[in-house]
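Before reading on, please look through the sequence and the model together. The paragraphs below take them step by step.

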Amino acid sequence: LGRRINGALSSLSRAGTLDDALLDSTLKEICTALLESDVNVKLVASLRTRVKAQVKAALEADKTGGGRDAQKRNVVQKAVFDELVGLVNPGVEPYKPKKGQSNVIMAVGLQGNGKTTTCTKLAVYYQKRGFKSCIVCADTFRAGAFDQTRQSATKAKVAYFGSYTETDPVVIAAQGVEKFRKERFEIIIVDTSGRHKQEKDLFAEMEMIGEAVKPDMTVLVLDASIGQAAEAQSRAFKETANFGAIIVTKMDGHAKGGGAISAVAATQTPIIFLGTGEHLSDLERFAPEPFISKMLGMGDIQGLVEHMQDMAQQNPEKQKEVMKNLEQGKFTIKDWREQMGNVMNMGPISKFASMIPGLPDMAGSEDEISSKFKRMIYMTDSMTSYELESDGLCFLEMEKDGKTPIRTNWRVQRVARGSGTSVGEVEEMLFQYRMMASMAKGAGGKNGWLSAMQKMQ
Ligand code: GDP
Ligand code: MG
């Protein structure tokens with residue numbers, strides 16, 4: 001998908017002026033790629049309309065540089081990125097388990113979606129973070145369900161509850177949760193049964209278990225490979241189970257994740273984790289920006305951060321600063337420069353350049369990429385300390401609302417002159433910086449995905 005969208009955007013920057021026909025054909029290519037990744041048809045159609053409006057408004061507002069190649073490409077790319085991030089970010093905070101109390105989490109979803117596996121992964125995840133965790137197997141429908149729980153919970157060294165004789169899942173769920181509440185377990189995960197279809201029986205059973213255990217959070221476990229069916233399935237579960245979070249499994253397979261986007265958009269419920277394999281540790285925190293960035297082939301900030309963490313172990317001094325700032329969710333142009341410097345020191349740049357958000361066009365020989373990086377460093381060398389310590393907004397002129405950038409200003413011309421580069425190049429660099437900075441924001445703080453990721457190792 002990333003390659004396809006990048007291809008469409010590259011042909012856009014190669015072409016001359018961006019007229020309606022060219023914008024239409026580029027958007028058509030991007031939308032086809034999204035549809036093939038199983039993003040819902042209606043969502044793609046409305047995304048297309050909104051991206052088009054956003055691009056036109058941006059280009060019309062920009063009387064000075066609208067025709068510039070880098071800018072056209074960036075405007076379209078940014079619009080697609082923003083729209084997709086908006087789709088997977090319902091702006092709803094998921095439930096956060098609290099220490100020192102019982103947090104009941106109930107997993108629902110169709111059979112085979114990965115509920116039982118995910119329940120154990122979750123128990124391990126929270127156990128690692130100091131929560132006393134356990135699993136209740138309330139699946140009496142599938143033969144051998146309790147054995148499956150018993151085996152995986154034993155392997156994971158997590159407490160479990162279930163029965164070989166009791167056939168009423170509501171009774172088991174109630175008994176198990178009561179027992180574990182008494183024993184002061186902090187994370188109590190209730191695994192329910194699924195059926196092959198969305199049947200009345202299943203929904204009735206789910207409702208009764210829900211009433212019996214009063215979950216603090218109900219999680220819909222969704223298989224990434226169900227594709228276009230994601231919308232209907234998640235809607236149906238939302239109506240009866242009113243889940244407050246989604247976990248998308250089997251992201252390691254052939255599925256391209258579009259189904260996940262559709263499920264969020266249909267139910268306005270956040271994704272909290274992705275299942276990325278059959279092992280108990282194959283569970284990743286979900287964050288909208290890095291997910292879309294990777295999906296669009298716009299850089300893999302998680303991969304980059306993981307690499308930086310490896311580097312930090314080998315060379316603590318060099319990496320400390322950038323990591324510290326990232327952890328605080330702060331990311332100035334100066335940090336961006338340091339980051340580029342670090343990437344240059346990491347070994348072959350060609351390998352890591354593609355991981356940096358906003359640097360999609362970094363194909364080329366080691367020398368070419370290296371010289372592009374050097375030019376970006378020259379640009380930052382021509383900035384004043386006020387500009388370097390800023391978030392880059394001082395380079396932009398804003399609409400009256402103070403939020404919508406209209407065009408870049410005289411500072412950009414000065415930097416271009418000072419560094420022997422062009423205005424277009426500086427604009428592109430600033431755009432790339434803003435992409436990275438917007439992701440860094442979501443990374444920082446105690447609840448950011450960065451700290452979640454670090455704790456996970
Ligand atoms: P349930 O019926 O919803 O409880 O699903 P299970 O937990 O039994 O999982 C069904 C199958 O999917 C099993 O073979 C799991 O190993 C597999 N599975 C679950 N999660 C993942 C995942 O994230 N990646 C991969 N590759 N397989 C998974
Ligand atoms: Mg199961």
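Lysine 214 sits in the loop that links helix H8 (200-213) to strand E5 (217-223), and in this predicted model its phi is positive, about 45°, although the residue is not a glycine. Most residues other than glycine have a negative phi. Lysine 214 counts as exposed, because it has 10 C-beta neighbours inside 10 Å and a residue is called exposed at 12 or fewer. A second case is arginine 184, whose phi is near 60°, again a positive value in a residue other than glycine. Arginine 184 is placed in the loop between helix H7 (169-182) and strand E4 (187-192), and it too is exposed, with 10 other C-beta atoms within 10 Å.

The protein chain holds 20 helices and 10 strands, and of its 457 residues 46% count as buried. If one takes the contacts between residues at least 6 apart in sequence, 74% of them join residues at least 24 apart.

How is the chain divided into domains? The domain assignment gives domain 1 (2-88), domain 2 (103-294) and domain 3 (301-456). Where domains 1 and 2 meet, the contact takes 11 residues from domain 1 and 16 residues from domain 2. On the side of domain 1 that touches domain 2, the largest share, 5 residues, comes from helix H4 (residues 69-88), and by class this side has 8 nonpolar, 2 polar and 1 charged residues.

In soluble globular proteins, nonpolar side chains tend to be buried together. The largest nonpolar core here has 88 residues, and those that touch the most other members are Ala123, Ile135, Val136, Ile188, Ile189, Val190 and Ile246. Helix H4 gives the most to this core, with 8 residues. Because domain 1 (2-88) and domain 2 (103-294) both give residues to the core, it lies between them. Valine 190 shows what such a place in the chain looks like: leaving aside neighbours within four places in sequence, valine 190 is in contact with a set of residues including Val104, Met106, Val136, Ile209 and Pro215. Apart from this core lies another, of 20 residues, among them Phe331, Val343, Met376 and Met383.

Is helix H11 (residues 288-295) enclosed or open? Because 7 of its 8 residues are buried, helix H11 is largely enclosed by the rest of the structure. The buried residues of H11 are Pro288, Glu289, Pro290, Phe291, Ile292, Ser293 and Met295.

The next stop is the ligand. Ligand 1 is surrounded by 18 residues, of which the closest are Gly114, Lys115, Thr116, Thr117 and Gly275. Helix H5 (residues 115-128) supplies the largest share of this shell, with 3 residues. By class, the shell around ligand 1 contains no nonpolar residues, 13 polar ones and 5 charged ones.

Finally, the confidence of the prediction deserves a look. The mean pLDDT of the protein chain is 82, and 78% of its residues reach 70 or more. Over residues 452-457, however, the pLDDT is below 50, and this stretch has 5 contacts in the model beyond near neighbours in sequence. Where pLDDT is low, the predicted coordinates should not be read in detail. For the model as a whole, the scores are ipTM 0.99 and pTM 0.79.

Methods: Residues numbered from 1 in each chain as written. Chains lettered and ligands numbered in written order. Predicted model: local features only at pLDDT ≥ 70, side-chain atom pairs only at ≥ 80, totals over all residues. Near = placed C-beta within 6 Å. Helix = DSSP H or I, 4+ residues; strand = E, 2+ residues; numbered from the N terminus. Nonpolar A, V, L, I, M, F, W, Y, C, P; charged D, E, K, R; others polar. Domains from an automatic or database assignment. Contact = placed C-beta atoms within 7 Å. pLDDT = per-residue confidence, 0-100. Core = buried A, V, L, I, M, F, W, Y, C linked by C-beta atoms within 7 Å.
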